[in-house]
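Subject: Structure for you to look at

Hello,

Here is the structure I said I would pass on. Please open it beside this email and follow the residues as they come up.

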Amino acid sequence: MVPVAVLGVGTMGQGIAQVAAQAGHAVRLADARPGAAEAAVVAIRERLARDVAKGRMTDADAAAVGDALVACATPVDAAIGAGIVIEAIYEDLTAKRALLAEAERVMSPDGWLSSNTSSLSITALAEGLTRPERFLGTHFFNPVPVMTLLELVRGESTSDAAIQAWRDLGAAWGKEVIAVRDVPGFATSRLGVALGMEAIRMVEEGVASASDIDKAMVLGYRHPIGPLALTDLVGLDVRLAIGEYLARTLGNPAFAPPPLLRRLVAEGKLGKKSGEGFYVYSG
């Protein structure tokens, strides 16, 4: 199988790397932060060990997946000769463009380059690429090893071949694939962020507690997780950035981040990754 490079080893990057390794690929991980890739490999192997302890995976399978993960010194090192490169850094257009251009320069010319962005324009991200027809959006969902949806986003230059290649790859990775046009927020973020912002406004207005609002959506609409718990999982800072982008590009106040969200982010309450958001987490 072709080698996979995952550039950015936050929660999403780690999940994508694990799924690719479980599908049989050799996976290279890299991050601009010193030591982050090595820490990510350790974290993934620890999660695999927990899966073994719970009977979800055999020791042999966990060992094989863990051995397929390699930490690289830089994103460029990870991308050299790779047949599949997935950028998964923070939602910043300039930073993503720069990294994608660097990766395209050194990866296999016959490979597929993608961004895991949840809201930024794929057409805008493709500016500066020499092979934009081989670039698309691959929007995974958190936690990646559990969530089955993969949203493919077609930019103006994305080829039919790129979409089909990722339809096949997504299926091989155990994902159900949808394809959408490159519009702000695509399909999933546009719907999910609107719901999340309204839920935050409801907490802010004292309509109900965060747990009761989440319970309403889980029990009343069969959502697997409530919008506030999901915001904690994604990261309040990430939701803030996406909300600002969608409100600006769509001109729709439904996406405007409420003052409560801005205050929590300013206080460093970013959700599960910081230990507190709309809920408090231990350990």
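Asparagine 142 sits in the loop that runs between strand S6 (135-139) and strand S7 (149-154). The model is a predicted one, and all the values below were computed from it. Is asparagine 142 buried or exposed? Its relative accessibility is 14%, which is under the 20% limit, so asparagine 142 counts as buried. Setting aside residues up to four places away in sequence, asparagine 142 touches Thr11, Met12, Met147 and Leu233.

Next, the cores. The largest nonpolar core has 42 residues. Leu7, Val85, Leu113, Phe135 and Phe278 are the ones with the most contacts inside this core. Several elements give two or more residues to it, among them strand S1 (4-7), helix H5 (93-106), helix H8 (188-204) and helix H12 (259-266). Which element gives the most? That is H11, with five residues.

Besides being one of the residues with the most contacts inside the largest core, leucine 113 is in contact with Val85, Leu100, Ala103, Glu104, Met107, Leu129, Arg134, Phe135 and Leu136, once its neighbours within four places in sequence are left aside.

Methionine 107, one of those partners, lies in the loop between H5 and strand S5 (112-115). Methionine 107 has a relative accessible area of 5%, so it is classed as buried. Which residues does methionine 107 contact, leaving aside its neighbours within four places in sequence? They are Ala79, Gly81, Ala82, Gly83, Val85, Trp112, Leu113 and Arg131. Take alanine 82 from that list: in sequence, methionine 107 and alanine 82 are 25 residues apart, while their C-alpha atoms are 5.0 Å apart in space.

The space in the largest cavity is about 50 Å³.

Now the charged pairs. Twelve salt bridges are found in the whole structure. One of them joins the side chains of arginine 56 and aspartate 51, with 3.4 Å from N to O. Are the two partners buried or exposed? Arginine 56 is exposed, because its relative accessible area is 58% and the class begins over 50%. Aspartate 51 is buried, because its relative accessible area is 17%. Aspartate 51 belongs to helix H2 (residues 36-53). Leaving aside neighbours within four places in sequence, aspartate 51 is in contact with Gln18, Arg56 and Met57.

Lysine 269 takes part in two salt bridges listed here. In one, lysine 269 pairs with glutamate 267, and the closest N and O atoms are 3.4 Å apart. In the other, the side chains of lysine 269 and glutamate 276 meet at 3.7 Å, N to O. Lysine 269 is partly exposed, with a relative accessible area of 25%. Glutamate 267 is partly exposed at 42%, and glutamate 276 is partly exposed at 30%.

Last, helix H10 (residues 227-234). Its buried residues are Pro227, Leu228, Ala229, Thr231 and Asp232. Against which helices do the buried residues of H10 pack? They pack against H8, H9 and H11. After H10 comes glycine 235, which has a positive phi, near 115 degrees.

Regards

Methods: Residues are numbered from 1 along each chain as its sequence is written. This is a predicted model: local features need pLDDT of at least 70, side-chain atom pairs count only at pLDDT 80 or more; totals for chains, interfaces and linings use all residues. Side-chain values use heavy atoms; hydrogens and water are left out. On a 1 Å grid over the protein atoms alone, a cavity is a set of points where a 1.4 Å probe fits but cannot get out, and a pocket is an open set with protein on both sides within 12 Å along at least five of seven lines; lining residues have an atom within 4 Å of a point. Grid points are joined across faces, edges and corners, and a volume is the space filled by probe spheres set on the points. Helices (H or I, at least four residues) and strands (E, at least two) are DSSP runs, numbered from the N terminus. Contact means heavy atoms within 4.5 Å. A nonpolar core is a set of buried Ala, Val, Leu, Ile, Met, Phe, Trp, Tyr and Cys residues joined through side-chain atoms within 4.5 Å. Buried means under 20% relative accessible area, exposed over 50%, partly exposed in between (1.4 Å probe, protein chains only). A salt bridge is a side-chain nitrogen of Lys or Arg within 4 Å of a carboxyl oxygen of Asp or Glu.
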